[in-house]
Amino acid sequence: LMENIKMVHIYVFNQLLWMTQGGLIGDILSFNCSISKNDESRSNLFYDLSVYTLLPMLKIMGLDYEKADFNVSKDGDNIEFASMNFVYPNGRAVINVGNTIRVDNQLEIIGTKGTIRMKGDWWRSKSFELHTPGSSDVQLYTTNFEGNGFKYLIRELSSMLSNNRINSKSIFEDESIKIVEILEDVKKAEK
């Protein structure tokens with residue numbers, strides 16, 4: 001089963017990973033990510049939205065965090081808002097997901113040599129900003145992004161079929177398992 005996370009197949013996301021994993025912003029100190037529902041036709045998008053925030057965190061910060069805590073606001077069984085905090089050996093990750101509570105959509109990765117920012121609908125963005133210390137210049141990295149991302153997902157699926165692969169090159173099994181484990185922990189969290 002291949003997750004429907006089109007974001008990981010678009011070029012700007014891969015460029016973002018390359019820059020962070022390649023050390024171009026130095027050692028990662030902080031990963032901050034927020035997302036909220038913008039589809040009023042569906043009632044509970046919490047778990048769908050959470051996947052969009054957790055996957056880049058795991059790809060950039062890694063799977064082996066030392067501690068996690070969750071602040072969850074529920075209405076019955078529905079999660080209205082969750083703040084997920086992860087402590088890593090050399091940094092922190094903070095994720096805010098609003099289902100019925102509005103948060104500003106943004107992604108910010110702070111490193112020792114620079115900061116990457118994506119605002120608005122960052123999960124389907126065409127660009128991101130690179131801010132470097134000591135410079136007022138902001139470098140804008142842009143790629144072409146056509147449509148809603150579905151063609152990028154289809155291209156990966158087609159590659160998997162033609163190469164007789166059952167696993168995606170973009171989303172690894174251990175990442176999928178870790179996301180499920182985190183979401184199970186969030187579900188158990190009390191307000």
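Modeller: Helix H4 (residues 173-188) has 16 residues and reaches 23 Å from its first C-alpha to its last, close to the 22 Å expected at 1.5 Å a residue. The expected span is 1.5 Å times one less than the number of residues. Helices (H or I, at least four residues) and strands (E, at least two) are DSSP runs, numbered from the N terminus. This is a predicted model: local features need pLDDT of at least 70, side-chain atom pairs count only at pLDDT 80 or more, and totals for chains, interfaces and linings use all residues. Residues are numbered from 1 along each chain as its sequence is written, and side-chain values use heavy atoms, without hydrogens and water.

Biologist: Which residues of H4 are buried?

Modeller: Glu175, Ser176, Lys178, Ile179, Ile182, Leu183 and Val186. They sit on the same side of H4, because they cover an arc of only 165 degrees around the axis. The arc is taken from the directions from the helix axis to the C-beta atoms. Buried means under 20% relative accessible area, exposed over 50%, partly exposed in between (1.4 Å probe, protein chains only).

Biologist: What do they pack against?

Modeller: Helix H2 (46-61), strand E2 (67-75) and strand E3 (78-88). Contact means heavy atoms within 4.5 Å.

Biologist: New topic. How many aromatic pairs are there?

Modeller: Six. Rings of Phe, Tyr and Trp (its six-membered ring) pair if their centres lie within 6.5 Å; planes under 30 degrees apart are stacked, over 60 edge-to-face, the rest tilted. One of the pairs is Tyr65 with Phe86, edge-to-face at 5.0 Å and 65 degrees.

Biologist: Are those two buried or exposed?

Modeller: Both Tyr65 and Phe86 are buried.
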